[in-house]
Amino acid sequence: MSHQVPDDLPFDLVLDLLLRPGSVEQRQIDALTPQTWDAITRRLREQRALPFLLSTIQNSSALQLPKDVMQDLIVSARQWGTRQLLMGGECQIIHRAFAERNIPHLFLKGVPLAFRFYEGPSQRPVRDIDILVPRDNLFEARDCIMALGGGGIPEFSGTEVDVDADTFKHLSPIWSPNRIIAVELHSRLFPQAADHASPELETFAAGLWDGSATFSISGSALPCPSPMAMALHLLSHAIYEDCFQNGPLFLVDIQRLIESGMVDPHAFHEQACR
């Protein structure tokens, strides 16, 4: 059953709460009706942004949300927190197995963002684990995860994606070793539709391995793109795959990367315009 989103849903206020809570006044929060709060929390739950909203409110001494809204945020953060910790364990298992088999790999998007650029991984929930591997290692990597206990996900199994890996950017999702979360193994950084968009994309993708970095899960260093490459990948994903129909986590991710001091905003703007 679909829900009607009020026409007057205060998107600007919600973004201010997430990105610059210091600009929000308590009177703006107090003016919202229970129905509006229901719509806000429903939308942010769908977009996995409730845990980060909780952290911004908890870090603000000047703002208070209604008690029932705060309870929703706390429950969501606890649920995601447990799942994120389990997901981190799956990443460690996969990383160790790939390293033992000399399979080059980089963890993409949400996982390194959650563990490196947020105060805690529960603040940045992820739906799946994205891993980039060279084309020649793609099916070896899938077989490795399968051997660890992972398995096919029925609604994705046996599709053309697993036959034509040169065209599609990742194989069909499979279960992680303990079947906790889906894993997408990528051989391409961008979809085929972006192949002729800019020659810079090919150069960027080719250089991703040389400038790689690491993030930490329980003391283990796992490979990922550099912070600048993460920011550019997020932007390209927003352009070529989401068509800028992004949830607020996209903006929060970019902000966290820039505020980390590891992404120069002027250099990011210059490279993004190429």
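Guide: Two strands count as paired if DSSP finds at least two bridges between them. Helices (H or I, at least four residues) and strands (E, at least two) are DSSP runs, numbered from the N terminus. The model is a predicted one, in which local features need pLDDT of at least 70 and side-chain atom pairs count only at pLDDT 80 or more, while totals for chains, interfaces and linings use all residues. Residues are numbered from 1 along each chain as its sequence is written, and side-chain values use heavy atoms, with hydrogens and water left out. The pLDDT is the predictor's confidence in each residue, from 0 to 100; its mean over the protein chain is 89.

The sheet is open and consists of four strands in the order 1-2-4-3, with mixed pairing. Strand 1 (106–108) and strand 3 (174–175) stand at the edges with a single partner strand each, so one side of each has no neighbour in the sheet. Helix 5 packs on this sheet and touches strand 1, strand 2 and strand 4, a contact being heavy atoms within 4.5 Å. The direction of helix 5 makes about 25° with that of strand 2; axes are lines fitted to C-alpha atoms, for helices over the stretch in contact, and angles run from 0 to 180 degrees between N-to-C directions.

Strand 2 (residues 128–132) pairs with strand 4 in the parallel sense over five bridges. Leu132 has His186 as its bridge partner in strand 4.
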